[in-house]
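User: I'm new to this one. Can you walk me through it?
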Amino acid sequence: MSPVKRVVVAAVCAALGVVLPMAFHAVPGAGNAWLPMHLPVMVCGLVAGPVPGAVAGLLAPVLSSLLTGMPAAPILPSMTCELVTYGLVSGLLSARVRTGHLPLDLYVSLVGAMLCGRVVGGALQALIFSAGSYSLGAWVAGYFLTGLPGIVLQLVVVVPVVVALERAALVPARYDSEP
């Protein structure tokens, strides 16, 4: 993928990271449960690589906070770090995981990024952003239980979107043909 196309993918995904949450936040509490901002960041990392994924992960929450007030200022730093991790790790894993089967490659990369982002987010909450008042129970509740619908949504939506983008030749194919 050309550098220009990577920039365009990152910009589109960052923009989607602003627009999708607006739709979900029309229902109170839906943003925290469905995690809509995570979707385009992970897609970006998987299709454009670690740097564009990290850039989308940085831009989406910052622009959304500036334009819509979501995420709120106290949540913005930890959420930004979490999303940067998602974009970076999904891109790094996507570049290295090669099983010979596109969906399996993508699921391994996606799940790895999901776990890393949640660990980084929780660690930063415990060590910096909420030091002294953050527990393992709060981490599990905040990053896994509350967001369970969003985790399922990520597993159901992200890989099919990336596969569809490849099949439509909108992003370069990983393999010449899927066996």
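This is a predicted model: local features need pLDDT of at least 70, side-chain atom pairs count only at pLDDT 80 or more; totals for chains, interfaces and linings use all residues.
User: Where is Leu 59 placed?
Analyst: Leu 59 sits in helix α4.
User: Is Leu 59 buried, exposed or partly exposed?
Analyst: Leu 59 counts as partly exposed, because its relative accessibility is 34%.
User: Which residues does Leu 59 touch, leaving out those up to four places away in sequence?
Analyst: Leu 59 touches Ala 14 and Ser 64. Take Ala 14: Leu 59 and Ala 14 are 45 residues apart along the chain. Their C-alpha atoms are separated by 5.8 Å.
User: And Ser 65, where is that?
Analyst: Ser 65 is in helix α4. Ser 65 has a relative accessible area of 16%, so it is buried.
User: What is Ser 65 in contact with, beyond its neighbours within four places in sequence?
Analyst: Ser 65 is in contact with Met 70, Pro 71 and Leu 76.
User: What joins Met 70 and Pro 71?
Analyst: A cis peptide bond, with omega at about 0°. Pro 71 lies in the loop between α4 and α5.
User: What do peptide bonds mostly look like?
Analyst: Most peptide bonds are trans, and most residues other than glycine have a negative phi.
User: OK, phi then. What is the phi of Leu 35?
Analyst: Leu 35 is not a glycine, yet its phi is positive, about 50°. Leu 35 is found in the loop between α2, residues 30-34, and α3.
User: Is Leu 35 buried or exposed?
Analyst: Buried, because its relative accessibility is 13%.
User: What about Ala 169 and its phi?
Analyst: Ala 169 has a positive phi of about 60°, and it is not a glycine either. Ala 169 is in the segment after α8. Ala 169 counts as exposed, because its relative accessibility is 61%.
User: What comes just after α3?
Analyst: Gly 49, which takes a positive phi of about 110°.
User: How do you describe two packed helices?
Analyst: By the angle between their axes and the distance between the axes.
User: So how do α3 and α8 cross?
Analyst: Their axes cross at roughly 40° and come within 10 Å. That angle makes α3 and α8 oblique to each other. Their crossing is right-handed.
User: Which residues make that contact?
Analyst: From α3, they are His 38, Leu 39, Met 42, Val 43, Leu 46 and Val 47. From α8, they are Leu 153, Gln 154, Val 158, Val 161, Val 162 and Leu 165.
User: How many nonpolar, polar and charged residues are in the contact of α3 with α8?
Analyst: The contact of α3 with α8 has 10 nonpolar residues, two polar and no charged ones.
User: Now α6 and α8. What is the angle there?
Analyst: About 140°, with the axes 10 Å apart. Helix α6 covers residues 102-129, and helix α8 covers residues 148-167. α6 and α8 are therefore oblique to each other. The crossing of α6 and α8 is right-handed.
User: Which residues of α6 and α8 meet?
Analyst: The α6 residues include Leu 102, Tyr 107, Met 114 and Arg 118. Among those they meet in α8 are Ile 151, Gln 154, Pro 160 and Glu 166. By class, the contact of α6 with α8 has 14 nonpolar, one polar and two charged residues.
User: Last topic, aromatics. How many aromatic pairs does the structure hold?
Analyst: One. Trp 139 and Phe 144 form an edge-to-face pair. The centres are 5.0 Å apart, with 80° between the planes.

Definitions and conventions
Residues are numbered from 1 along each chain as its sequence is written. Side-chain values use heavy atoms; hydrogens and water are left out. Axes are lines fitted to C-alpha atoms, for helices over the stretch in contact, and angles run from 0 to 180 degrees between N-to-C directions. Helices (H or I, at least four residues) and strands (E, at least two) are DSSP runs, numbered from the N terminus. Angles under 35 degrees count as roughly parallel, over 145 as roughly antiparallel, 65 to 115 as roughly perpendicular and the rest as oblique. A crossing is left-handed if the near helix is turned anticlockwise from the far one by less than a right angle, and right-handed if clockwise. Contact means heavy atoms within 4.5 Å. Ala, Val, Leu, Ile, Met, Phe, Trp, Tyr, Cys and Pro count as nonpolar, Asp, Glu, Lys and Arg as charged, and the others, Gly among them, as polar. Rings of Phe, Tyr and Trp (its six-membered ring) pair if their centres lie within 6.5 Å; planes under 30 degrees apart count as stacked, over 60 as edge-to-face and the rest as tilted. Buried means under 20% relative accessible area, exposed over 50%, partly exposed in between (1.4 Å probe, protein chains only).
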